[in-house]
Amino acid sequence: MSLATFFHADVLPRYGVTFYPLESRLLHSSSGKLRMDPLENAKKIAAYKAVDEYVHNNSAIGIGSGSTIVYAVQRLAERVVEEELNVICVPTSFQSRQLILDNHLTLGDLETHPHLYSAIDGADEVDKDLNLIKGGGGCLLQEKVVASCTNRFVVIADYTKDSVKLGEKYKKGIPIEVVPMAYVPVKRKIEDTYRGTAKIRMAIAKAGPVITDNGNFILDWHFPDVDPNSWKRINMELSSIPGVVETGLFTDMAETVFFGCGRFVSEERRMKKKGFSTLQDLSDFEVTNNNVQLPVSLYRALLDAAKQNVWKVMDREVYDYRQQIPRIYLSDQMPVRNTMES
């Protein structure tokens, strides 16, 4: 059976795959056409899903920074009004603090709420092992501090941020926040030790370098080809250089990543992932009670194939679902991801 046939809306139920519709919340003009850019809609879908699943009453949550977080705060404000939630919001930047206040949410801090139920933030890039590059907006230090205060660090992003390895799509380098007086020796140390180039980030609307919310400079390290398994070690070594305040490498921190993709959301959790070499035939898998028992490797491979534009075929086949967002559940309507090793 071909992959396109497997994804067909009429075929999926026969293999125990069910579409669970969710409200798409797409914006329409008076002519009925979509007004929201597809990429923005992807961000919005991921943000709404994260807030719906990781925000609970009587809890404190971390609010990240960036363009995707705008939609998360928007959904949070809706839920607070609709469900009368009591939620304390701890910001990671001046931007997120203003978003919290502008949406009439309760502002908190880590002094009074040092342990957070969850933290929701964006990312510049996410690799297959859930290593992140963050800090494109210059907020990496406070973002990492807030993320470290919870066991539920949730990342929201559109599908363009999903990569096999870091640097595959994001070409602006890894941000490294440094004390101003140390930026030259830190720059030389990084280039001598790890190669590549470390460039001080210059401001656009002011003369001179970018100044972070903490009064520091940012070096963007454009790194050479790096072994993906070495990011944790490299992050620790960079952090130990005198003058380095924090890096934009987030390793072993994300519990969940939501990628918005058109009208779809795919979810990845921290887990061991095994490769799968072919998607051409499903006849080798055991079928029980009309459900095909798909291995974890195939689930991952299906997502990878979807990223390579196979999702466009799905999009055409399920267009009649009128902009519903399907969630794919396998084997007795239990998500395969929950059966994987953490």
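Modeller: A charge sits over a ring if NZ of Lys or CZ of Arg is within 6 Å of the ring centre and within 35 degrees of the ring normal. Here the charged end of Lys144 sits over the ring of Phe250, 4.8 Å from its centre. Lys134 also lies over the face of Phe250, at 5.5 Å from the ring centre. This is a predicted model, where local features need pLDDT of at least 70, side-chain atom pairs count only at pLDDT 80 or more, and totals for chains, interfaces and linings use all residues. Residues are numbered from 1 along each chain as its sequence is written, and side-chain values use heavy atoms, with hydrogens and water left out.

Biologist: Thanks! How many helices and strands does the protein have?

Modeller: Helices (H or I, at least four residues) and strands (E, at least two) are DSSP runs, numbered from the N terminus. The protein has 8 helices and 18 strands.

Biologist: Why is helix α5 described as largely enclosed?

Modeller: A residue is buried under 20% relative accessible area, exposed over 50%, and partly exposed in between (1.4 Å probe, protein chains only). In helix α5 (residues 140-147), 6 of the 8 residues are buried, so the rest of the structure largely encloses it. Lys144 is among those buried residues, along with Leu140, Leu141, Glu143, Val146 and Ala147. Helix α2 (residues 38-54) is also largely enclosed, because 12 of its 17 residues are buried. Across the protein, buried residues make up 51% of the 342 residues.

Biologist: And how do I read a sheet?

Modeller: Strands of a sheet pair through backbone hydrogen bonds, either parallel or antiparallel. Two strands count as paired if DSSP finds at least two bridges between them. In this model, 3 strands form an open sheet in the order β6-β7-β13, with antiparallel pairing. β6 (125-126) and β13 (249-250) are the edge strands, each pairing on one side only. Between β6 and β7 (residues 132-133) there are 2 bridges, and Glu125 stands opposite Ile133 in β7.

Biologist: How many aromatic pairs are found in the whole structure?

Modeller: Rings of Phe, Tyr and Trp (its six-membered ring) pair if their centres lie within 6.5 Å; planes under 30 degrees apart are stacked, over 60 edge-to-face, and the rest tilted. The search finds 6 aromatic pairs. One of them joins Tyr194 and Trp221, tilted, at 5.7 Å centre to centre with 55 degrees between the planes. Tyr194 lies in helix α6 (residues 183-194) and Trp221 in strand β11 (residues 217-222), so the pair ties together parts that are 27 residues apart in sequence.
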